[in-house]
Amino acid sequence: MGGAVVDTGDSGVKAPDGGWGWAVLFGCFVITGFSYAFPKAVSVFFKELIREFGVGYSDTAWISSILLAMLYGSGPICSILVNRFGCRPVMMVGGLFASLGMILASFSTSIIHIYLSTGVITGLGLALNFQPSLIMLNRYFSEKRPLANGLAAAGSPVALCCLSPLGQVLQYKYGWRGGFLILGGILLNCCACGALMRPLKAPKKTSEVDEKEKKSKPKPKLLDFSVFKDCGFLIYTVAAAIMVLGLFVPPVFVVSYAKELGNEDTKSALLLTILGFIDIFARPTCGIIAGLKWVRPRCVYLFSFAMIFNGTTDLIGSMAKDYPSLVVFCIFFGISYGMVGALQFEVLMAIVGTEKFSSAIGLVLLVEAIAVLVGPPGAGRILDATKNYMFVFLLAGCEVVLAALVLAICNMLFIKRKPQQPDPPAKMEMAITETEMEELNKEPKDNQDNGGGDNGKKQAIEHEAMAKSDDKKVEEPESIGVDSIEVENTSKKMTEPNGVVVEPESSL
């Protein structure tokens, strides 16, 4: 678990680690930004929605929760569609759904309408973009995959830095309805990103070879449930489900927390910008670290450390009582959150490999969807009951720390790493030359003839040397000596009694 898996993917083509892959990385960067930043950016409009519809914090928190639940819960549907139609058409249809949902939300007359439009329709559209983009990224990168994952994950904080202030400006100038309408138009860029997802093509082969391969290959499964047989995958799924219970809670409530302390709306929204700005640098940096030769096989433990760091930040941040304290909290939360974002899918890719990743990510996201659907609304219920943000952040921190402990401890206890290289004694035993290997292969036959043991080995080697010398004598005709005296005697013997000399060639 956590080791690097390098394979060729479904099409049998080795990952190019570059080329058009950089265009795919850019598309994945934008899609990841929209997918993760939108649930947080929409929180800027919560205060206006509370006034408009007369609802509480927990009611508005359901918007972000349903968005994330659709992003995660529709994972198996995305896997089936990708395995059936491919990544590019699925992403382009998803872009249309994402835009349509925000446009319909701008005409809402109740909070239920926003749940259905922003939460369900836009969430489904983002899901149809997010998962296929990760699948394509995994197919285009292998050796540079940790770095590629880190750079693609950086799209989330970059989009958050842009969308959060943009949402605040749109709210002031056009109201929340105009803001939703403009954001819907921005989401049409998902279609352009989907067009970048060009599938990898296998090299041209002869028709006979193609027909044989088609006959030998089994039909691909639309959803491969065999990943549940992998113990590492099960541990990862359980830990990830616990983690997302509290991972997304602080970004959703930090703006409202700052407003509750008496800060201005613009100043409060700046906290998300600070968090996102730190996150921008944390994700690629963590991707570089995860790609190091010593770290990459142990990436799961780095992921556990990132979760512990994130949970501890939540626990300490619950004590914040003023704006500077919240700024410090956002800085450290941005670092830890960036590490988690850069590593969560890299670890999953390393566990299951390229061929099963499309099914594995769909099943993981489905399990996480239940936790995402419960997390922010549950925190909102606690907030409505206690009127104290401290308990919200304490609960979130405990959940993330628990997930880290489950992942690290279970990995140490139940996952046995297969040694990639022989131990030092084994290396010493294998340190023999090719000629010695040939002699050892011949020993069994020679030992039977010569009695075995050390004396048998010596006799076998001597016998082999003598055989080689005899072969050399036979092969060299120049070594046969002919004496002139013997030739004369031979000619005399060939003389007939009548005095006629018969030549040796005619005596036959």
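Guide: On a 1 Å grid over the protein atoms alone, a cavity is a set of points where a 1.4 Å probe fits but cannot get out, and lining residues have an atom within 4 Å of a point. Grid points are joined across faces, edges and corners, and a volume is the space filled by probe spheres set on the points. This is a predicted model, in which local features need pLDDT of at least 70 and side-chain atom pairs count only at pLDDT 80 or more, while totals for chains, interfaces and linings use all residues. Residues are numbered from 1 along each chain as its sequence is written, and side-chain values use heavy atoms, with hydrogens and water left out.

Visitor: How many cavities of 30 Å³ or more does a search of the whole structure find?

Guide: The search finds 5, and the largest cavity holds about 90 Å³ of space. Its lining has 14 residues, of which Leu 134, Asn 149, Ala 153, Gly 341 and Phe 345 are the closest to its centre.

Visitor: Which element gives the largest share of that cavity's lining?

Guide: With helices (H or I, at least four residues) taken as DSSP runs numbered from the N terminus, the largest share, 5 residues, comes from α15.

Visitor: What is the volume of the second largest cavity, and which residues line it?

Guide: Its volume is about 60 Å³, and the lining residues are Tyr 36, Lys 40, Ser 156, Leu 247, Phe 248, Arg 283, Tyr 337, Val 340, Gly 341 and Gln 344. Two or more of these residues come from each of α1 and α15, with α15 giving the largest share, 4 residues.

How values were computed. On a 1 Å grid over the protein atoms alone, a cavity is a set of points where a 1.4 Å probe fits but cannot get out, and a pocket is an open set with protein on both sides within 12 Å along at least five of seven lines; lining residues have an atom within 4 Å of a point.
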